[in-house]
Amino acid sequence: MKLRKQVTVCGGAIFCVAVFSLYLMLDRVQHDPARRQNGGNFPRSQISVLQNRIEQLEQLLEENHQIISHIKDSVMELTDTGAVSPSGHLPFRSANGSWVLPFDRRPTYLAIKSQDCQFASVSRDQTDVQMLDVYSLLKFDNPDGGVWKQGFDITYEANEWDNEPLQVFVIPHSHNDPGWIKTFDKYFTDQTQHILNNMVVKLAEDPRRKFIWSEISYLSKWWETAEPQKQEAMRKLILEGQLEIVTGGWVMTDEANAHYFAMIDQLIEGHQWLERNIGVTPRSGWAVDPFGHSATMPYLLKKSNLTSMLIQRIHYSIKKHFSSTRNLEFMWRQAWDTGSSTDIFCHMMPFYSYDVPHTCGPDPKICCQFDFKRLPGGRINCPWKVPPKPIVEANVAERAQLLLDQYRKKSKLYRSKVLLVPLGDDFRYDKSLEWDQQYINYQKLFDYMNSHPELHVQAQFGTLTDYFNALYKTTGVAAGSRPADFPVLSGDFFAYADREDHYWTGYYTSRPFYKSLDRVIESHLRGAEILYSLAVATARHEGMEGRYPVTDYSLLVDARRAVGLFQHHDAITGTAKENVVIDYGNKLLRSLIGLKRVIINAAHFLVMKNRDFYRFYQTEQERLCLVKVLVNTVRVRVLTEDGQTLPVQLSAQWGSATQMSATFMARLPPLGLAVFHLYDSADSPMTLRSDTLLRLSSRSVTARASDPLPVHSQLADPQSFYISSQFLTLGFSGSTGLLESIKRKDDSKEVKVQIQFMVYGTSPSKDKSGAYLFLPDGKPKPYNQKEPPVVRVVEGPLFSEVVAHYQHFEQTIRIHNVPGVDGLSIDISTMVDIRDQSNKELSMRLSTDIKSDDIFYTDLNGFQIQPRRFYQKLPVQGNFYPISSQAYIQDSRHRLTLHTAQALGVTSFESGQLEVIMDRRLMQDDNRGLGQGLKDNKRTENRFRLLLERRSFGNKGTDGSTNSFPSIVSHMTSAILNHEVLPLPVVPKRRGIPPLKTFAPLMSKFPCDFHLLNLRSIQNKVRRHGLTPSPYTALLLHRLALDCSIEAQNLGFNFLLFKNLDLQLLQPVSLTLMYSSTPLANHSTISLDPMEISAFKLKLR
């Protein structure tokens, strides 16, 4: 028989090397053959023995009340209800309709110490500026500010700089998008390579000339083909301080949609390239173009040992407020920081844009006259109709005075007498002429200013770090320290509006297909990194280095760079031209294929019992949550490695007349590989068939199906219907087939959780929604279709689901009937297809009876939680925020969390509501430079997990705290959703299959509040060796912060050790591996504070 793509069975057995789980597994209990699952008979005579065993378990595991109660209930069903299986086998369906499963005697539990919970409740010093307070304070009006339209008139006294001259640092830069209007490669060919070639020549002409560069993706591409003398010239410019590498990431990452795994990975890739090729370590961050700024980024830069940073795209009302209070420079502190260890100095640019007209001072009409690329006769000019003039002896005094006036006005917005003035724009300095125009004319202005002491100014070209160093020196503090009287800020800078009601909140959802693909590949990349590192270390340990294909390392590097490239702020955002999006997609697809090969090779190597028989099996694989294979017979039997028969649920494969799916649940080793055997055998009592019911709108529609999996049908009625598991009961509308309520087994209260789909139009004015902007025509209207939906209800021992088929979406809501975290949440998959719509946006709304008032919570980059508030003073689009992993609402009794597997936009219009935009199809450009609408929609699956949790009584649900944290179950649920199991089938050959064994790499259980972010093989630093791994591996750990007001089991602490590998080095390093601390003893205890991300350099053998 055939298992499509996954498995082929030729009358014998297949061995499915299944379920490679790369998150902190909920079970965390090592495989113990002595405690085997009993799949056989269960006579009445043994029931009393079972009850005695339960009592013993209760004494040992008091905290494990949920699992114990499940076992008790299973026993009580057998005794009190008389529910004895007719065949004597488990699983079976009892008289009351619930499924009785064979239970695994090994408990699943989480262990937390009381001190782990204290972090969430500890008091924190109030920062000077809290962004939640700023939002409450501002009117968000837009009065005309004069020449500075969004600001105010700036005045100064002529003698203000008499005692301390103004220091001006003009910073030439060129913003190079790695893909936007053109593809990455086309931009490089047409412009970027010329910028870098000119840079090497033109900076060398005068040591006073300075420049900064950000995107390492472009620099590395230029380096590959540059002659050695050019490479050496650039290295010399950097080491001598004329050229500075700022931030040093692979790209200038988006900060709304990007997940912190990818944000860190692209930063590591850029920094490691710099260390290997140039030997430089970035000191300052430069982010002039991301559309809003996340609090995650300053933390990552701080952990990478950067001392200062700059940001630009922030709501114009916030810029005006910060300018009026002279708070444009501040120490940015994490809201959860109990001290000041996360502080990093941040400079906010005050005006509309990073181009020359908006950077020298408040009047763009004047500043544009000092953009010498716009001199008459060039391709671009000044919109204000006053062109620049070449600087000559006759006009230098007048021109210098005019420019200095702007410098002085701009400096009045800051607290020091040091001024930063960027000089550049997108893809500037690609022609040799522009280098001469800008540098020669500005040098004449500087020379004049500096030679006239009565002007009290010192002006020069500078790098970003030149500016920050001068500021620190002037204020008398060490680099990165807080100058006296400078404020401390916490919070983030979403949502961004650049003018009027033009909020850049559409891109949170634009092109969701690619946002989803990105996360799939990130999970594969993390899995491949971990497996590859363990496989290479195992090969070294066993003296088989020559037998393992280390050439796979180049596939890893290619994938790192493809994922890194896609974090660019016009890639994952969905704001590039259609042909550029296709180019990104092709790069991601190639990397996914390469990662699958890395995973297959490493996994097969690690599960071989006798590696002399090791081979590569180039088979297909698919990411699944439940272990699921496609079959064409009901004669399916699944065994564990030690021969236990597992319960299997057979269900119809819709769209195929010959195939069905076989689903089984498995206990998996943490970060490991488990082996399962699939047989074509006679009917097994452990193999059960799903009950499928079609709820049809009329008798004219019929359901046709035959054995082996019959489908029943009935006329739909408005009355609610239900599906249940051992933990949850879900209620559904008989009319819509959509979720209406959730009842937890341990909670007497049924909670209203009603799903509804909504539709937004676009504004009737000339300004309409596009790839960037969300400009709706008011609040959304309910989605309606003429025909009632077809609803499919599937029930079985392992999972039950309800599928509602609508014209533009198909929603599947599934619950898993398994113990542990996986059974506590609701799996929601929504297949969206709006390709026939015009200027419409589809959203999913959750309406509940949770009293959340106007407060809701969204994550930032999957790293931390940011409280939000719905403001009536803001337009609809101004109340949307990005989510990468979750959003929740809560009151004193419950918290409802919507976990997401892809970045989207979310809001809460009313108390008890959450609403997430699923897809948007827009027919016009929104005038932000793209020149296209969003018409390339694809049929896209949006995946979620919905988690309803009880909160401790008396805990205030909607307080004004600036902090909130997920529960431990919520952290685990997010991990389950984002790092699903990967089945790796092995097809039998003529000589059969080599013996396989479970691979469990950890010596002890991982602490449940630790997340292994990555185990990344470090590239060989000897350049002639090419893309090969060094003997070193980077271990990145994140300790999660927990909200313990959510009811959970008791908690303990351990640290990981790798089995069968020798640890020869354990060295703390900075986040991007550039700075090393003293190596630790191999048996050292590692401690991290909650929320902390730490990196270690390991040598495993």
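The predicted model has a mean pLDDT of 86 for the protein, and 84% of the residues reach 70 or more. Confidence is not even along the chain. Over residues 1–88 the pLDDT stays under 50, and for this segment the model has 216 contacts beyond four places in sequence. Residues 105–109 also have a pLDDT below 50, and this stretch has 23 contacts in the model beyond near neighbours in sequence. Where pLDDT is low, the predicted coordinates should not be read in detail.

Two disulfides are present in the structure. One of them joins Cys360 to Cys367, with an S to S distance of 2.0 Å. The torsion about this S-S bond is -90°, and the link of Cys360 and Cys367 is left-handed. Both partners fall below the 20% limit for a buried residue: Cys360 has a relative accessible area of 2%, and Cys367 has a relative accessibility of 0%.

A disulfide also joins Cys368 to Cys382, with 2.1 Å from S to S. The torsion about the S-S bond of Cys368 and Cys382 is about -105°, so this disulfide is left-handed. Cys368 lies in the loop between α11 (364–367) and α12 (396–411), and Cys382 is likewise placed in the loop between α11 and α12; the two cysteines are 14 residues apart. Cys368 counts as buried at 0% relative accessibility, and Cys382 counts as buried at 6%. Another cysteine, Cys346, has a relative accessibility of 0% and is therefore counted as buried.

Most residues other than glycine have a negative phi, and most peptide bonds are trans. The peptide bond from Phe494 to Ala495, however, is cis, with omega near 0°. Ala495 is placed in the loop between β16 (488–490) and β17 (497–499).

Positive phi values occur at Asn305 and at Asp485. For Asn305, which is not a glycine, phi is about 75°. This residue lies in the loop between α9 (296–303) and β11 (308–311). Asn305 has a relative accessible area of 31%, so it is classed as partly exposed. For Asp485, also a residue other than glycine, phi is near 70°. Asp485 is found in the loop between α14 (464–475) and β16. With a relative accessible area of 64%, Asp485 is classed as exposed, because this value is over the 50% limit.

Ser323 belongs to helix α10, which covers residues 316–324. The relative accessible area of Ser323 is 2%, and the residue is therefore buried. Its contacts, leaving aside neighbours within four places in sequence, are with Trp148, Phe152, Leu328, Pro350 and Leu413.

Conventions: Residues numbered from 1 in each chain as written. Predicted model: local features only at pLDDT ≥ 70, side-chain atom pairs only at ≥ 80, totals over all residues. Heavy atoms only, no water. pLDDT = per-residue confidence, 0-100. Contact = heavy atoms within 4.5 Å. Disulfide = S-S within 2.5 Å. Buried < 20%, exposed > 50% of the residue type's maximum accessible area, 1.4 Å probe, protein only. Helix = DSSP H or I, 4+ residues; strand = E, 2+ residues; numbered from the N terminus.
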